[in-house]
Amino acid sequence: MAESTTSQPGSEAQAYTTPDVIVTGNDDPSAPHASITSRTRFERLMLIGKCCVPLRVEALKAAVAEAKSGSDIVRYNDACALLSAAAPDDPDARMDGAWIENTDIANRAETTRLETELKGYRNNLIKESIRMGNEDLGKHFESIGKLAEATEAYSKMRHDVSTTKHIFDCGTHLASVAFQRHDWASVLSNVGKISNIQSGDDEQEQQAYTKVASGVALLGMGNFHDAAMTLIHTNPNVSPAEYSTVASPNDVAIYGGLLSLATMDRTALQSRILDNQSFRTFLEHEPHIRKAISLFVNGRYSTCLSILESTRADYLLDIYLQPHISAIYSLIREKCIVQYFIPFSCVTLDSLDAAFGKPGQSVEPELIRMIRDGSLRARIDARNKLLVAVSPDPRLVVQTNALHVARKYELEAKERLRRMNIIGAGLEVIGVKKPQTGGVGGAEPEEAWFEENRVASLLAEQAQDA
Amino acid sequence: MDDAKLFFDDLAPPVTSSSSKAYDAAAKTYAASVTTRLPAAIRTTILRDPIQSLQLVDPATNSIGYLAIIDTLLRGSIPPSVSRQHLLDSTLLFLLKFDPIQIRYVGSLFRALLEDLSSLFSPTVAVELLANAILRIDPSGSTFTSTHLVMAKLAYDANCIEPALKVLDADILFYPRNTRFEDTKRLCDTELEPYAYVSLAGLTDTIKSTSILEYHFVQALAYISRRDWRKSQTALEKVIGHPTKDKGVSKIMLESYKKWILVGLLKDGRPPSFPHYVTSVTKFTFNGLSEPYSNLASLFTTENASALKEEAVKGQVTWEEDKNLTLLEEVISSYQKWQIINLRRIYRQVSIAQIRQTTLSAHTAETLKSDDEVLALVSDMIESGMLKGQIQVGPTAEESYLTFHEEHDLMTEAEFAAEVARSHSSIEALTKQYRATNERLSSTKEYARHVVREQKRMEKDMADAGVGFDANIEDEDLMTGVLGAM
């Protein structure tokens, strides 16, 4: 999670947040997210404000404006606090007390109004009205940032659904709230509920939404392979507006491309990504991702990595990608190294450094880690500076295995025979009868009694036999 | 003296035809007459002139008589003119030459002599004699006797394990049964299995489960003192996996479990895994009572040397109480060695300087101070056979390299075939023993009882099945039929 932390001006900002990532790339905050609708737009702006040094003031100002245009007081407070830490003199940084008060009053009034209305509908027992009342209340709660209440209101919609469209609405609302709470499991379960609905005309649009939403949720849970498989099946002919609450087509291309690159092998990348007509449409939005994938497929790993490296800063400012980007990148890197090494039986460390090393930094520690994890089957020859492939002598393997099995069988057979004889001779350790040895269960007062009894019974048996 | 000679010679059973009924009867009478019913006159004669009486019979051909004489002399008071050394020499001679069939008739007397050996001879001689005697009684050494335990304890206490090894190394497979013996076979029968005659002849005291546990425990301790981790682990596994009943776990088993963890770390560099036959109840008891050990073991495989060191210091009292302090020291010293060994999974050749940088000593939780120390450590490991590798010493530590070799050496085809043949024959021998055991167990009272019970159950089941398909019941009368049958 550690990114190059070049300079860290404005350490006061950390009093409010502890950003894991500091990005110093130059980026236009609004451009990549222009097509994103408001709730995630605010989150994205806040993320940039927290993590991106050159853009922080600009992004936070935009966030403040964004918050002020809505009615969520908590968000406004957060944004203002961050902005005042970053740029204390900025006019926007001062909190607008009047606005807060007014919005608060308005919010309360609206809540009461909607709740009263809903009560009225309930008394009238009109299902559709109750459903709509719940929906309105949920939307209101969502807009003022009361996510738990919003979830509750939206879940109540489910009781009164009457058409498939309603079910779909209910699911999307719940998923959208879960997205904001970063509750990926509940996103998946809600999206799962609506993914199989047959609804005629809208089906394609709905499918696109469910694919994108569950793909992003899977990414959030760190399930990279499934996320990639879901995202690359998104229908490109559906208008992006259908899933704009979650991601833009660019995002779909970036997430799908990067995750595929991290989890699929070369043939799969060729057949599932590059030859996949529908996903190609998305990749056209992000040509460098496509380029990176085709470079990987063609075996030009270092160029592929350098392209990815050049865009790392951008991805670090993405709310869904940021927590996972270093894991994804290191997966891709590891794959590159493994792929690079496959055709060779040994490679000099220098050439590996040339291909994968960062300036002044050897890949050796990384290789050591990979060998230890078992992802790279090779040994390092530190003397000749070589990475040597492991090629076990098949004869030795057979011999060792055969002898191992034989010895194990022999030991096992002996042990079984021994145990059989112990039990046959009645020499087990017995829980109650052996208090002098079985200290664990506590002392037993009956030892003498048992011993005597045993002797007596033995004698009796003998007498009988005689 | 001539009377005595006549007495011992006349009645002595013939040396030949040793499996006949006549021999059996003669030997029995003879044994009784020279031991319990030895005439007082003869006894006085023997005691009056020990040197001559020791020459009366040949220990190899008349072991019964010789043992009786030795026993009389050792227990009685001998004239001061005769040196005790002479008597001891004769005992030694007897123990080296005795006839294993004959002594079966004077088993308890012989056992008593064996048990007294430690007070007669120096421990080294006593252990050697005991080991020899055990193997002469039972050449395979696979039947457990009370003498085993006597020998093991003596060997370990006196720290002369070397002569005891031939007995300790043998696999114990049989235990004398405390039940009476089928009278069909005679004691002198050479075909008789050791586990049968050992108990019948009184060559062993009553065996308890604790004797077995103690024997293997002492055996493990002996191997530990020889740093033979593999064998001591096997011995300890026999203790911790001892069959149990009614959730019983003996203290010896628990002590062994603790040692077993430490020995496992020394042997494999990682915590050992339970043999599959250990029951979950036993495992549970073990785990609950040896937390410091399991904590230590789990840290051993990590790179966190300081935590390991901390844990070792924290548990100081426990180690001392359990008398495992020296073993633990050994474990702590071996931590770095295992780190080095594990480098073979990463490197083919690695410089000494690199080893120094990447491995930590658990004593200090730091790297070793100088490259020379590392070099010494590594060469020590190679010499002891712990590490398969080779050092090429260069002018500096950066240029001195350790080359790792394959873990197993490649065998030639002939060696491999020989090894396979050995395994094959040993498994074949085991199969025979399995069959014998199966037969023996099938004829026990318990098994017969079990079979009878099973049969009864079967009969009952058949009866319980009630109306079978074959039973002819008319449709209309279904209920009445069933009720009637009941």
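**View 1. Chain B, overall.** Take the contacts in chain B between residues at least 6 apart in sequence: 66% of them join residues at least 24 apart. This is a predicted model, so keep that in mind for every view here. Chain B has 24 helices and four strands. As for burial, 40% of its 486 residues count as buried.

**View 2. Where chain A touches chain B.** Here 42 residues of chain A are in contact with 51 residues of chain B. On the chain A side, four elements each supply at least two residues: helix 18 (364-373), strand 2 (378-381), helix 19 (394-424) and strand 4 (429-430). Helix 19 of chain A gives the largest share, with 20 residues. Sorted by class, the chain A side comes out as 21 nonpolar, eight polar and 13 charged residues.

**View 3. A strand pairing across the two chains.** Zoom in on strand 4 of chain A, which pairs with strand 1 (residues 244-245) of chain B. The two run in the parallel sense, and two bridges hold the pairing on record. One partner to look for is B:T244, in strand 1 of chain B, which bridges to A:V429.

**View 4. Strand 3 of chain A and its two partners.** Strand 3 (residues 386-389) of chain A pairs with strand 1 (residues 346-348) of chain A through three bridges, and the two run antiparallel. Within that pairing, A:V347 has A:L387 as its bridge partner. Strand 3 of chain A also pairs with strand 2 of chain A, again in the antiparallel sense, this time over four bridges. There, A:D381 sits opposite A:L386.

**View 5. The hairpin turn in chain A.** Strand 2 and strand 3 of chain A form a hairpin, with four residues between them.

**View 6. Helix 4 against helix 5 in chain A.** Helix 4 (residues 97-124) and helix 5 (residues 127-143) of chain A pack at an angle of about 165°, with their axes 9 Å apart. Because angles over 145 degrees count that way, helix 4 of chain A is roughly antiparallel to helix 5 of chain A. The crossing of the pair is left-handed. From helix 4, the residues in the contact include A:L114, A:L118 and A:Y121; from helix 5, they include A:I130, A:G133 and A:L137. By class, this helix-helix contact has five nonpolar, six polar and five charged residues.

Definitions and conventions. Residues are numbered from 1 along each chain as its sequence is written. Chains are lettered from A and ligands numbered from 1 in the order in which they are written. This is a predicted model: local features need pLDDT of at least 70, side-chain atom pairs count only at pLDDT 80 or more; totals for chains, interfaces and linings use all residues. Axes are lines fitted to C-alpha atoms, for helices over the stretch in contact, and angles run from 0 to 180 degrees between N-to-C directions. Angles under 35 degrees count as roughly parallel, over 145 as roughly antiparallel, 65 to 115 as roughly perpendicular and the rest as oblique. A crossing is left-handed if the near helix is turned anticlockwise from the far one by less than a right angle, and right-handed if clockwise. Two residues are in contact if their C-beta atoms, placed from the backbone, lie within 7 Å. Ala, Val, Leu, Ile, Met, Phe, Trp, Tyr, Cys and Pro count as nonpolar, Asp, Glu, Lys and Arg as charged, and the others, Gly among them, as polar. A residue is buried if 20 or more other C-beta atoms lie within 10 Å of its own, exposed if 12 or fewer, and partly exposed in between; C-beta atoms are placed from the backbone. Two strands pair if DSSP finds at least two bridges between them.
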